[in-house]
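Keep the model open while reading, and find each residue as it comes up.

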Amino acid sequence: LPLKNDPGLIADLVLRGDVRGIARAISLVEDDRPEAAAVLARVFPASGRSLVIGITGPPGAGKSTLVDRMAGHLRRADQSVGIIAVDPTSPFTGGAILGDRIRMQSHATDPGVFIRSMATRGHLGGLAAATGHAIDILSASGKDVVLVETVGVGQDEVEIVGTADVSVVVLVPGLGDEVQALKAGIMEIADVFVVNKADREGVDRVVAEIQAMLSLSMHEGHVPPIVKTVAASDQGVDALISAVRDFRAWAASSGVFERKRREHLDRLLSSTITSSLLARVGAALPAAERDSLLDRMASRALDPYAAAALVLARMGMS
Ligand SMILES: Nc1nc2c(ncn2[C@@H]2O[C@H](COP(=O)(O)OP(=O)(O)O)[C@@H](O)[C@H]2O)c(=O)[nH]1
Ligand SMILES: [Mg+2]
């Protein structure tokens, strides 16, 4: 295959919106391949133009179904769509491949929709950085909107949501204590709330809980709207997209959009530095030497700071 890992060729294909090129480029960043840097260098100037929407919430809330519906609505409005699914709760490291594929099947043959699950393990610079690069690749490929589905469970996921321009938090009736549990992490970052499965009992109770919580919090002049949806039967999805667009417009006029993007770049810079350094250390430090350092740490003869200093000194970075 001539495409192989030729960064120039892959980047050109990405910029032309070629599906194979996009897939290969994302694989490179996913696998932390050295060629990823060259691809990013070529495509980055063309990125940053998509509306990036993060969709997060507990497993089973209907996020994939909702993303599928949103993609449908956006396509009917002639918008091209990139979808990234990050689901570490899936038994497959590649996200909820099976479930997501089935639920997003309606777009399988549409060249205006690119769907990708991110592997959730083995990222030196963190999953958030890899996902950030994937978003940039999709944006550079010309997608008008990038939808990023994450499970709202861990720090990684909270960080990923932070890479979106608009964060949508999906809740469902009958969660009970989970609203409470989610509060600590993702509730504060919600720009728009969705109460999905509005066909079920208890919708109004969830709405009331969110409202009660919002009354206690500060949201920088913007009170996140609460949209009820039934993703399964495509209800409320237009209202959701309108709410997202309204937030985007408000964020642009208030300066929040610029600030969010800058914070995102700041985190991306930090995580990219971290991953570059770790990769270099990994390459420069022979396994045997690393083992002997770990042995000395295990016997408490060497503390972590001292061990790190030894490694950095060995690399001429002390
Ligand atoms: N009753 C009902 N079920 C839904 C709705 N939306 C999604 N589901 C179902 O909920 C289950 C989980 O959906 P999925 O999209 O995979 O959730 P995810 O884990 O958040 O991505 C699936 O069986 C869906 O068909 C809804 O609005 N109402
Ligand atoms: Mg899902």
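## A threonine in helix α6

Start with Thr131. This residue sits in helix α6, which covers residues 127-140. The model is predicted. Is Thr131 buried or exposed? Its relative accessible area is 0%. Buried means under 20%, so Thr131 is buried.

Which residues does Thr131 touch, leaving aside neighbours within four places in sequence? The contacts are Ile84, Val86, Met118, Val148 and Ile160.

## The chain as a whole

Now step back. The protein chain has 318 residues, and 47% of them count as buried. It holds 13 helices and seven strands.

Contacts also show how the chain is joined up. Take those between residues at least 6 apart in sequence. Of these, 75% join residues at least 24 apart.

## A valine in helix α9

Val206 belongs to helix α9, residues 203-214. Its relative accessibility is 5%, so Val206 counts as buried.

Set aside residues up to four places away in sequence. Val206 then touches Leu171, Val172, Pro173, Gly174 and Val195. Leu175 and Val206 are 31 residues apart in sequence. In space, their C-alpha atoms are 8.4 Å apart.

## The magnesium site

Turn to ligand 2, a magnesium ion. Which protein residues are its donors? They are Ser64, through OG, and Glu149, through OE. Both lie 2.1 Å from the ion.

Are Ser64 and Glu149 buried or exposed? Both are buried.

## Helices α2 and α3

Two packed helices are described by the angle between their axes and the distance between the axes. Helix α2 spans residues 19-30, and helix α3 spans residues 35-43. They pack at an angle of about 130°. Their axes are 8 Å apart. The crossing of α2 past α3 is left-handed.

Which residues meet there? From α2 come Ala25, Leu28 and Val29. From α3 come Glu35, Ala36, Val39 and Leu40. By class, the contact has six nonpolar residues, one charged residue and no polar ones.

## Two aspartates with positive phi

Most residues other than glycine have a negative phi. Two aspartates here have a positive one. Asp32 has a phi of about 55°, although it is not a glycine. Asp32 lies in the loop between α2 and α3. Its relative accessibility is 33%, so Asp32 counts as partly exposed.

Asp234 also has a positive phi, of about 65°, and is not a glycine. Where is Asp234 found? Asp234 is in the loop between β7 (226-228) and α10 (237-254). The relative accessible area of Asp234 is 26%, which means that this residue is partly exposed.

How values were computed: Residues numbered from 1 in each chain as written. Chains lettered and ligands numbered in written order. Predicted model: local features only at pLDDT ≥ 70, side-chain atom pairs only at ≥ 80, totals over all residues. Heavy atoms only, no water. Axes fitted to C-alpha atoms, helices over the stretch in contact; angles between N-to-C directions. Helix = DSSP H or I, 4+ residues; strand = E, 2+ residues; numbered from the N terminus. Left-handed = near helix turned anticlockwise from the far one by under 90°. Contact = heavy atoms within 4.5 Å. Nonpolar A, V, L, I, M, F, W, Y, C, P; charged D, E, K, R; others polar. Donors = N, O, S within 2.8 Å, 3.2 Å for Na, K, Ca; no water. Buried < 20%, exposed > 50% of the residue type's maximum accessible area, 1.4 Å probe, protein only.
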